[in-house]
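Morning, everyone. Please have the sequence and the model open side by side. I'll go through the structure briskly.

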Amino acid sequence: MGTSRASWRNTTHDWSSGVDIEHLTHIRQNAVAFAPGGLRHLVLEVVAYAADEAESSDNGGHCTVALHPDGSVSVADRGRGTDTRPDDDGRAVKKPIMASKDLRFFDHPDAQVLPDGHPRRGMSVVAALSEWLVHTNRRQGGSWTQRYEHGVPVTDLVSIADDGTTGTVVHFRPDEHWGGAASGDLAGELTRLASSWDVLPVELHDRRARH
């Protein structure tokens with residue numbers, strides 16, 4: 001058995017707010033303001049989260065960004081994994097990083113600035129502005145995956161087999177109607193910008209088919 005959620009201390013997110021629909025709607029209604037530069041900014045938001053995990057990981061972390069032919073992007077890291085703990089009924093509960101406000105950055109005047117020069121807002125921006133997002137999360141205490149559509153979970157937290165590693169994979173496809181589709185030399189831009197994180201080695205693979 002776990003502990004009562006009411007006793008869990010809020011640090012980066014409010015554990016009691018599993019899905020904040022009002023917050024997600026606010027992001028979608030102001031997409032350009034929260035993700036200036038479109039897909040490039042969304043990728044940097046995810047890499048920034050991987051960098052957080054690298055700073056707290058014994059293995060130092062590592063990040064791989066892949067651009068896929070269907071317009072989606074995956075960001076995989078070797079950090080400790082997103083905090084997931086059992087509640088008082090023994091059910092696994094993941095910190096609601098995708099579907100609720102990041103208390104450190106969102107609406108904060110002194111928010112961290114990402115390498116593109118724009119403020120960091122948190123992973124909920126990525127989820128809210130994506131047609132779909134799948135978060136695979138591996139920790140020493142278990143492994144799970146969950147799918148979101150526009151930031152709202154459409155599956156439960158699904159347990160998957162451990163593979164002996166820890167870390168996260170965030171695979172998402174951004175909405176195209178607000179300018180989220182890739183354009184220009186996205187791979188080159190991301191390679192240059194991602195090098196700003198000294199704590200996190202980043203590899204980029206462009207798997208988009210060219211015929």
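First, a term. A residue counts as buried when its relative accessible area is under 20%. Over 50% it is exposed, and in between it is partly exposed. Keep those cut-offs in mind. And remember that this is a predicted model.

Is Asp87 buried or exposed? Its relative accessible area is 3%. That is under 20%, so Asp87 is buried. Where does Asp87 lie? Look at the loop between strand 3, residues 84–86, and strand 4. Now find Trp8. Asp87 and Trp8 are 79 residues apart along the chain. Their C-alpha atoms are separated by 9.6 Å.

Now step back to the whole chain. How many helices and strands are there? The chain has five helices and 10 strands. Of its 211 residues, 47% count as buried. The C-alpha trace spans about 50 × 40 × 35 Å along its principal axes.

On to helix 3, residues 39–55. It has 17 residues. At 1.5 Å a residue, helix 3 should span 24 Å. Its end C-alpha atoms are 25 Å apart, which agrees. How many of its residues are buried? The count is 15 of 17, so helix 3 is mostly covered, taking buried as under 20%.

Gly38 has 4% relative accessibility, so it counts as buried. Gly38 and His171 are 133 residues apart along the chain. Their C-alpha atoms are separated by 16 Å.

Now Leu193. Its place is in helix 5, residues 186–194. At 5% relative accessibility, Leu193 counts as buried too. What does Leu193 touch, leaving aside its neighbours within four places in sequence? It is in contact with Arg40, Leu44, Pro115 and Asp116. Take Asp116 from that list. Leu193 and Asp116 are 77 residues apart in sequence, yet 6.9 Å apart in space, C-alpha to C-alpha.

Next, backbone angles. Most residues other than glycine have a negative phi. Here are two residues with a positive one. Asp107 has a phi near 65 degrees. Asp107 is found in the loop between strand 4 and helix 4, residues 123–128. With a relative accessible area of 53%, Asp107 is exposed. The other is His150, with a phi near 55 degrees. His150 is found in the loop between strand 6 and strand 7, residues 152–153. At 29% relative accessibility, His150 counts as partly exposed.

How do we find empty space? Rolling a probe the size of a water molecule over the atoms shows where empty space is left.

The largest pocket holds about 350 Å³ of space. It is lined by 20 residues, and the closest to its centre are Gly18, Ala92, Val93, Lys94 and Gln146. Strand 4, residues 92–94, and strand 6, residues 142–149, each supply at least two lining residues. Which element gives the largest share? That is strand 4, with three residues. By class, the lining has 11 nonpolar, three polar and six charged residues.

The second largest pocket holds about 230 Å³. Its lining has 15 residues, and the closest to its centre are Thr12, Tyr49, Glu53, Arg80 and Lys95. Here helix 3 gives the most, with three residues. The classes in this lining are two nonpolar, six polar and seven charged residues.

Terms used. Residues numbered from 1 in each chain as written. Predicted model: local features only at pLDDT ≥ 70, side-chain atom pairs only at ≥ 80, totals over all residues. Heavy atoms only, no water. Helix = DSSP H or I, 4+ residues; strand = E, 2+ residues; numbered from the N terminus. Expected span 1.5 Å × (residues − 1). Buried < 20%, exposed > 50% of the residue type's maximum accessible area, 1.4 Å probe, protein only. 1 Å grid on protein atoms, 1.4 Å probe; cavity = no way out; pocket = protein on both sides within 12 Å on 5 of 7 lines; lining within 4 Å. Points joined across faces, edges and corners; volume = space filled by probe spheres on them. Nonpolar A, V, L, I, M, F, W, Y, C, P; charged D, E, K, R; others polar. Contact = heavy atoms within 4.5 Å.
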